[in-house]
Amino acid sequence: MAYQPPSPPGFLASLPFDRRLAGHDVRASIAWARALARADVLTTDEERTIVGGLETIAQELESGAFPFRPELEDIHFNIERRLIEGIGPLGGKLHTGRSRNDQIATDTRLYVKDVIRQALEGARAYRAALIRQAEATIDVIMPAYTHLQRAQPVLLAHHLMAYVEMAERDAGRLGDALARADVMPLGSAALTGTAYAIDRDALAADLGFADVSRNSMDAVADRDYIIEFLSAAALMMAHLSRLAEEVILWSSEEFGFARVGADYASGSSIMPQKRNPDIAELVRGKTGRAIGNLVALLTTVKALPLAYNRDLQEDKEPLFDAADTLLDSIEMMTGMVSTLAFRPEAMRAAAEGGYILATELADYLATRGVPFREAHGITRGLVEAAMRDGRELRGLTLDDYRRASPHFGPDALQITLESAIARRDIVGGTAPGRVRDAIADARRRLESDTR
């Protein structure tokens, strides 16, 4: 089918995406009707009739019976027209003293607040899943990596707890964004404020806002609260993507560290043996969309003069897409983390092989008075000699060590993965006691997190 360009009215229309705000628009309209009544703009009977009409519309939206009309351009006109159809010309009084400018700002703030609360709830479940896995793997040793090269031994639980730290910061950013979204713009009208004696504090209380906007022009032009959410969402997606990447690597035959739960993997259409970590790959891929949504809206607002401009209609598609992407990805990653089956024997084998204890040998020399830079060079030479001979560190003898430095004693042969890990007995380190404390602290923070 050939491309059909839209008509100018069709190009202007926002209903295809802002219909998603219908419930929030009805909620804000009910509160506005009550505010008009408090200001003696509506009589008690008029208020009751209008609120009743809006409640009927809410029921239609809930049941799917609401007759959306594309020719009416946006969700605001659709609901207003439906209200007039339901209660007559009185429905036209509802728009007294307000503008679509402060309407949409109010609707999107209500939506953002709801989405952030859902994201925070999801982040709590994700953190809990990570903590449970850390608790279950406290004795599992694996290689830690830098540059994707085996670096030093670490507890798997310590590795997983790094993602708990990221998720806690993500929750903190979402909470900060929620606080700044919790400001009511309704009453700002088009840009200079309503001409009616609206009690905005009472209106804010009706709608569950913590505060009211202080400047009417800023209130209708501001999209910072969306951008902050998009920023928090993009960064959380980046963190989810980092773990997704590790799961992809760990579940490969080359690593063999973990197996993804069957519900979070898929097979190949041609290769029967395949079990692909497709959920992790999709989360990794969707992160690009989340980042793109942030960049898109930042670019939209970067040169807009005050106050409202139609460009701001372009805020909703990035917002809705980011919200769906984030909430879905959190849920998928939570389920995947919960069903990961780790392979401790493969992780230990990877940690035992090669030269992962080289840093321990350098530290051994340093504790015997050898300047660390010199100790580093001695150990490097020892490793290079072993590599030339095709031997691993665990295959070296005391004579091999003494040829490298007379400071090596028999106890150098007693350096193990466990001893290397145990020596990292500092706050934030990978020693078992410290990791247990970190897990317990993270669980306490999770249980006391009321955001």
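In which hand, left or right, does α10 pass α11? The model under discussion is a predicted one, and in it the crossing of α10 with α11 is left-handed. Two packed helices are described by the angle between their axes and the distance between the axes. For α10, which covers residues 224–250, and α11, the axes come within 8 Å and cross at roughly 160°. Because angles over 145 degrees count as roughly antiparallel, α10 is roughly antiparallel to α11. Sorted by class, the residues in this contact are 18 nonpolar, four polar and four charged.

A second pair of helices can be described in the same terms. Helix α6 spans residues 100–136 and helix α7 spans residues 156–181; their axes come within 9 Å and cross at roughly 165°. This angle makes α6 roughly antiparallel to α7. The crossing of α6 and α7 is left-handed. Their contact holds 19 nonpolar residues, together with two polar and six charged ones.

The strands come next. Strand β1, made of residues 141–146, pairs with strand β2, made of residues 149–155, in the antiparallel sense, and six bridges join them. Within this pairing, M142 stands opposite V154 of β2. In a regular strand the side chains alternate between the two faces of the sheet. The hairpin of β1 and β2 has two residues between the strands, and H147 there takes a positive phi near 55°. L148 lies in the loop between β1 and β2, and this residue has a positive phi of about 60° although it is not a glycine.

Is L148 buried or exposed? Its relative accessible area is 53%, and since exposed means over 50%, L148 counts as exposed.

A189 is found between β3 (183–184) and α8 (200–207), and its phi is near 55°, a positive value in a residue other than glycine. The relative accessibility of A189 is 10%. Because buried means under 20% relative accessible area, A189 counts as buried.

One further feature concerns a peptide bond. Which form does the bond from L306 to A307 take, cis or trans? This bond is cis, with omega near 5°. A307 itself lies in the loop between α11, residues 278–301, and α12, residues 316–339.

Key. Residues numbered from 1 in each chain as written. Predicted model: local features only at pLDDT ≥ 70, side-chain atom pairs only at ≥ 80, totals over all residues. Heavy atoms only, no water. Axes fitted to C-alpha atoms, helices over the stretch in contact; angles between N-to-C directions. Helix = DSSP H or I, 4+ residues; strand = E, 2+ residues; numbered from the N terminus. Parallel < 35°, antiparallel > 145°, perpendicular 65-115°, else oblique. Left-handed = near helix turned anticlockwise from the far one by under 90°. Nonpolar A, V, L, I, M, F, W, Y, C, P; charged D, E, K, R; others polar. Pairing = 2+ DSSP bridges. Buried < 20%, exposed > 50% of the residue type's maximum accessible area, 1.4 Å probe, protein only.
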